Amino acid sequence: MDLSGYQALVWSLTGVLLAAFAGFAMVYAWVRRRRLAGSIKFNQEEFITARRQVGAIRIGWSFFAGALGAWVISGPPSYTASGYGYGAGAIGLVFYSLSSGLPVIMVAFAGDLIRRKVPHVLSLTDFMGWRFGYVAKSYVVLLCMFNMAIATLAEYTTIGTLFGVYLGSKAYAITITVGLLTMVYTAYGGLFISIITDQVQGIAVCLLFTICVIYMAADFRHDLPKPFPGDCCSAGADGSFCPENPLGFCLSGKNTIGYSSIFVMPASLFTATVFSEAMWQRAWASADKRALVRGSILGCTGIVLVVFFVGLCGILAAWAGLITDSTDTNLYFLAALGAVGADNHISKWIGVVVMLLAVGMNMSAIDSLQNGLGAAISSHFLKGRPVMWTRAAVLLINVPLIVLGARPGGLDLKVLDLFLIANMICCTSAIPVLSGVLDSCGLLTPIFLFVPSTWHERAKAAGARRLPRRLYQALYDVPLAPYLGGASLVFSCVLSIFLTSVYGVSYYNSHFESIAAANAYLPKYQSKDFSNAMNFTWMGNGYQWQFFLVPLCVSLGALMLCWVFNWTLQRFWGKPAVTGFTAPATHPDLYPAAEPSESDEEAKGSSGSAEFIAKPEDGPVADEFVAMSVRPATAV
């Protein structure tokens, strides 16, 4: 079959797939609204949270389908099998796949903590407002929107590259089609419909992916020299690699990039997940903690397996000599399947399956991101407004992204470059934001983010009985809420961004010769210019570990400095309160939690109130709320 035949086949099947998903979403949403019209008020809260309506299986499918996207086709193989010393190899493969799935479990446990503190929370940013105040909340909203916008653009770029480069058709056509269809049913049905379609899309993705796995196992019969000749050989003074490995592959990952992935992948993907409302929304929608945790484990398992297989295919393609200097970096997975022609066009029927797989994953990721963007905007700028405002926000925020992603030539960036700037920005702010989830912390706190809260409580009880008081406090119980407020969060994040930029510019200037030689094909890195240095810092550092360690350490150090500063102010000079940086969690005297009025009760949906502070019912959650409310009002 020639290229035009493949184009006709792919577009026909893609049209059927897209119409089926979108039609199912619209019909299901319409039937649900008619059937539940008398029992559920379809207000803003129901639209963006689907509060406690989804069981474990659907939550698992939603985590799976929402986290994966078309980026899986290009990102992992490109990261593991890139040439010229930039491939992370087997080491990068392991940590990329694990770091893609494990953040989902972190969201499950952290989301449950947030639900216990503020049962009727609308979003992560909504919780940030309760914990840190309006200014800090505004900063987190902007960062979440930036992170999700980058993820959306990466999705549009990937699917556009596949249809433009690999299929040889107009890239903007698929971008506009997917963007508009998902936007329509997302604006109509909200989060619950997105989760339902995630299940259908996830099943379809699994079926198509299984075909790819079977084909790979049956068809891949290339010789794999053992060991790989010249694996991880270093570049010479002229920039060339050893004759037996002229493209500079490092399949074992025993190079700087591979070893860096041990830290870089968890740091970048965990922090990026923190600022994705698309993931946090599953926490609000889950029926209970058990459904949330079980669903996250199911989703994590599926994500790890898919990312691992696709990344492994990239390594196998390089090992078998299927990747040449002319192979597009976004097509390494297809090269392993033997479906890439000399001109980077589709050459086998399995390429049609991969295209449909990419479309299914792209659609599920896009609708999740669109919902996340809508939730971030609505819970901050449109809180308490009619649901039509939220629907309008979904439309307005996504139209510019569709236009930008569909422009001729795309964004002229690799998907990994798009993710790099988002991941680095998230690294500057993740620790201060996560500090708001905890009332207290210690050296063992990172471990307890991934285990049931009952384990944490048992460990704390055992430590309180058997350890000296100061050691126990250092390990488990350094109080945070009284000493870390909105000003602390904003200061820590901004200082981290500033000092990371300073470090990056300094690094670029001091290593200019080696950077220029390694990027001889990029004119922007051939001169000592401030703009080039900033571009290298945030978009061109190749995922070097230093550029992720610096923002994390600076933000943690700044947060500790703020804690000491606020503790000193409380101990010796009274109780500071800076306007705009205060919040109910740290200044309950300024924000008393009033009893809801009768009219407020009537305005609730079936799931709860849309008020900023929701007073819990009697029980453990209420006791925790009261305990937090009576803390000293000190933090700035």
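A cavity is here a set of grid points where a 1.4 Å probe fits but cannot get out. In this predicted model, the second largest cavity holds about 60 Å³ of space. Its lining consists of Ala29, Arg32, Arg33, Phe42, Asn43, Glu46, Phe47, Tyr188, Gly189, Ile193 and Arg391. Helices α1 (3-35), α2 (44-49) and α8 (171-219) each give two or more residues to this lining. Sorted by class, the lining of the second largest cavity comprises 5 nonpolar, 2 polar and 4 charged residues.

The search of the whole structure returned 2 cavities of 30 Å³ or more. For the largest cavity, the computed volume is about 510 Å³. A set of 28 residues lines the largest cavity, and Ala67, Trp71, Leu269, Thr273 and Phe419 are those nearest its centre. Two or more lining residues come from each of the helices α3 (56-67), α5 (89-117), α7 (134-166), α9 (256-274), α10 (277-285), α13 (350-381) and α15 (415-427). The class counts for the lining of the largest cavity are 19 nonpolar, 8 polar and 1 charged.

The overall fold was described next. The protein chain contains 25 helices and 2 strands. Of its 636 residues, 57% are buried.

Model confidence was examined along the sequence. The average pLDDT of the protein chain is 83, and 86% of the residues score at least 70. Helix α11 (residues 289-319) has the highest confidence in the protein chain, at 95, whereas helix α25 (residues 620-629) has the lowest, at a mean of 34. The pLDDT is below 50 over residues 593-634, a stretch that has 78 contacts in the model beyond near neighbours in sequence.

Backbone geometry was then considered. Most residues other than glycine have a negative phi, and most peptide bonds are trans. Lys226 and Pro227 are joined by a cis peptide bond, with omega about -10°. Pro227 lies in the loop between α8 and α9.

Positive phi values in residues other than glycine include those of Arg52, at about 55°, and Asn344, near 65°. Arg52 belongs to the loop between α2 and α3, while Asn344 is located in the loop between α12 (332-336) and α13. Arg52 counts as partly exposed because its relative accessibility is 42%, a value between the limits of 20% and 50%. Asn344 has a relative accessible area of 11% and is therefore buried, the limit for that class being under 20%.

Methods. Residues are numbered from 1 along each chain as its sequence is written. This is a predicted model: local features need pLDDT of at least 70, side-chain atom pairs count only at pLDDT 80 or more; totals for chains, interfaces and linings use all residues. Side-chain values use heavy atoms; hydrogens and water are left out. On a 1 Å grid over the protein atoms alone, a cavity is a set of points where a 1.4 Å probe fits but cannot get out, and a pocket is an open set with protein on both sides within 12 Å along at least five of seven lines; lining residues have an atom within 4 Å of a point. Grid points are joined across faces, edges and corners, and a volume is the space filled by probe spheres set on the points. Helices (H or I, at least four residues) and strands (E, at least two) are DSSP runs, numbered from the N terminus. Ala, Val, Leu, Ile, Met, Phe, Trp, Tyr, Cys and Pro count as nonpolar, Asp, Glu, Lys and Arg as charged, and the others, Gly among them, as polar. Buried means under 20% relative accessible area, exposed over 50%, partly exposed in between (1.4 Å probe, protein chains only). pLDDT is the predictor's confidence in each residue, from 0 to 100. Contact means heavy atoms within 4.5 Å.
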